[in-house]
Amino acid sequence: MQVYACLHWFPLGFPGGMQDWNYVNTNCFEVTIELGCVKYPLAKELPAYWEQNWRALLQFMHQVHTGIKGTVSDDRDRMGIPNATISVEGIDHNITTVHAGDYWRLLVPGTYAVTASVDGYIPVTIYATVAKDQAEVVDFRLTRLHPDNNAHASTVAQLTQSPSDRELYSLIKELSLDQGLEQLVKSTATGNSFRYRRPKDLEAFLRGLTLNFPQITSLHRLGQSVEFRNILALEISNNPAEPEPSEPKIRFVAGIHGNAPVGTELLLEFAASLCINYGKNPAITKLINETRIFIVPSINPDGREQAAEKKCSSNQGLTNSNGKDLDKTFFGNSSQRLSEPEPETKAMINFIQSNDFCLSVALDGGALVVTYPYDKPVHIVNNEATLKYLAKVYAKNHPKMHPGDTACSNNGQMGNVPDGVMKAANLQSHMGSMKDFSMDFGHCPEITVYTGCCLFPAANQLGTLWDENKKALLSMLVEVHKGVRGVVRDRSGKPIVGATIFLNATVKISTSEGGYFHILVHPGTYSIDAIAEGYQSQHKEVVVTSYEAAASVIIEFDLDNSIFGLQREFVVACAAAAMTALVLTACIIWCVCSAKSDRQKDGFHRLRQHRDDYDDEIHLNSMGSKKSLLAHEFQDESESDEETLYANKI
């Protein structure tokens with residue numbers, strides 16, 4: 001009966017317990033030992049408590065050595081794999097490996113099927129028998145998906161590892177671990193008092209940051225709302241006024257619905273935290289130096305001006321001043337628009353298309369989930385695995401989202417969403433969303449974070465919401481440095497702008513200024529095909545992991561030696577042979593024609609001689625005829641004279 005009485009100290013199902021949090025969010029198992037029914041016994045009773053519990057405490061320490069332990073490593077280079085998942089069949093609780101790939105899993109004696117898995121690798125299952133008095137060593141060697149022994153070597157040979165790159169590479173690997181981000185969150189704690197800011201106060205806040213931190217901030221005016229309120233973007237970078245195409249660009253936006261201003265306040269606090277810790281915190285300083293961060297805290301300032309606090313499900317302020325839901329007005333094709341785009345929409349479209357963003361994170365409200373494209377009903381998405389992976393990274397670093405308990409009583413959202421992520425169309429399908437436009441026309445993946453069930457909670461809840469989202473927001477600054485990045489140039493070192501890069505023949509991007517490209521993809525092995533007009537196509541293989549900075553690849557083009565798809569040497573040889581044949585043929589034809597011409601000339605000469613002889617003969621004949629005629633004529637006259645003379649003589 002005493003045990004029964006003690007259980008009534010706390011109501012069943014009491015939320016927020018430390019042991020529950022430990023069990024869900026860490027590798028630690030926690031039990032609560034109730035030492036007695038009296039919470040505050042007399043000091044003279046303490047020796048009795050010690051006598052009752054010291055043996056149990058020692059046994060408890062001994063018990064920690066029961067279970068399985070080991071490492072998870074790459075079977076090719078034997079490097080430990082952090083954040084690998086260790087799951088035990090029949091037990092719905094997983095743990096993860098730490099920095100060096102090692103793990104420890106408490107289990108009672110028995111035989112278990114233990115599986116190690118991580119993105120980009122083939123899962124491995126091993127049967128292990130746990131003894132009573134010691135831990136069983138179970139090591140896993142994981143094989144990469146679609147391995148290519150030569151590919152890794154060729155990729156490594158192309159890596160550009162300057163001291164700055166090595167420092168960034170080490171930082172990304174460190175922050176990709178839960179402990180790394182946790183330490184970063186603790187080291188950048190701010191004690192600000194939260195409040196809601198109206199559009200006028202928001203602009204003053206941003207201008208204050210640029211005045212106090214001019215070396216790392218720049219304020220951009222993207223446009224104006226229907227009621228002529230400014231839509232601003234704060235850029236945070238070590239060189240905000242200079243283009244740095246080699247650095248990835250990330251976009252944080254909020255306030256597309258004015259009645260959900262939590263995201264606006266979170267981004268303002270996020271911006272302040274980054275600026276304040278620059279030069280003080282090495283990790284924050286390095287991230288800012290290597291990233292171009294753009295923060296747009298309010299897309300719909302007119303709607304924000306109309307919204308009212310403590311309205312969890314009100315539509316007041318949802319639209320802009322023209323009554324348009326801005327998240328349904330982003331159409332890239334004019335044929336899809338029923339009217340001219342809203343001024344807020346036009347400002348964001350120009351902003352999205354004028355920058356080569358690698359990742360976009362949009363904050364909204366009214367639910368507790370992360371969604372990935374598309375909002376429109378699309379059956380097949382080529383890079384859905386990558387989009388889902390990015391959403392899962394945010395949800396994993398949010399204490400409430402990744403367990404999947406995302407039910408909202410005010411809007412009917414169901415709970416038990418796996419990993420706290422879902423396709424946007426499954427939450428609320430519609431056309432013309434900013435997320436879809438960013439994908440199709442900005443070539444940038446965008447996830448939408450719904451920060452909570454209440455659209456406009458009380459201001460005193462903002463501190464808690466910031467604590468829930470700070471780690472996840474920082475994780476996006478880490479994630480934007482992963483994937484695949486590189487530069488495309490020719491043999492002389494000249495960068496090639498506009499070259500087309502295909503990943504696994506499906507994902508397509510183009511090189512930007514300086515020949516740079518950067519694309520986020522989920523862990524795995526990727527085939528890279530680069531194409532540029534006038535050059536030979538190039539092929540590379542690269543491996544992407546979940547805990548390393550982007551694999552950097554240099555692609556060097558040779559001039560295209562192919563003609564009609566054939567090797568230039570072969571075509572030239574064929575052309576030379578053809579020309580030789582043509583020349584020989586021409587010579588033969590010339591000789592034949594020449595011989596014929598000589599024969600024809602000789603024939604003509606003979607014919608002319610015959611003709612001349614004939615003409616001469618005719619001429620002579622004609623002359624002879626004339627002479628005979630004359631002879632006749634003269635002969636008659638002489639004869640007559642002679643005859644007369646002869647007659648006279650007689």
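The disulfide between Cys408 and Cys453 is left-handed, because the torsion about its S-S bond is about -75°. Cys408 lies in the loop between α12 (384-396) and β16 (421-423), and Cys453 in the loop between β17 and α15, so that this pair ties together parts that are 45 residues apart in sequence. The two sulfur atoms are 1.8 Å apart, where a disulfide is defined as a pair of cysteine sulfur atoms within 2.5 Å. Helices (H or I, at least four residues) and strands (E, at least two) are DSSP runs, numbered from the N terminus. Cys408 is buried, at 2% relative accessibility; buried denotes under 20% relative accessible area, exposed over 50%, and partly exposed the range in between (1.4 Å probe, protein chains only).

The structure is a predicted model, in which local features need pLDDT of at least 70 and side-chain atom pairs count only at pLDDT 80 or more, whereas totals for chains, interfaces and linings use all residues. Residues are numbered from 1 along each chain as its sequence is written, and side-chain values use heavy atoms, with hydrogens and water left out.

Two disulfides are present in the structure. Besides the pair described above, Cys312 is joined to Cys454, with an S to S distance of 2.0 Å. The torsion about this S-S bond is about -90°, and the disulfide of Cys312 and Cys454 is therefore left-handed. Cys312 is located in the loop between α10 (301-306) and α11 (343-353), while Cys454 is located in the loop between β17 (446-452) and α15 (462-479); the pair therefore ties together parts that are 142 residues apart in sequence.

Cys591 is partly exposed, with a relative accessible area of 45%. Cys28 likewise counts as partly exposed, at 37% relative accessibility.

Asn259 occupies the loop between β12 (249-254) and α8 (262-277). At 4% relative accessibility, Asn259 is buried. When residues up to four places away in sequence are not counted, Asn259 touches Ala307, Ser314, Asn315, Gln316, Gly317, Leu318, Leu455 and Phe456, a contact being defined by heavy atoms within 4.5 Å.
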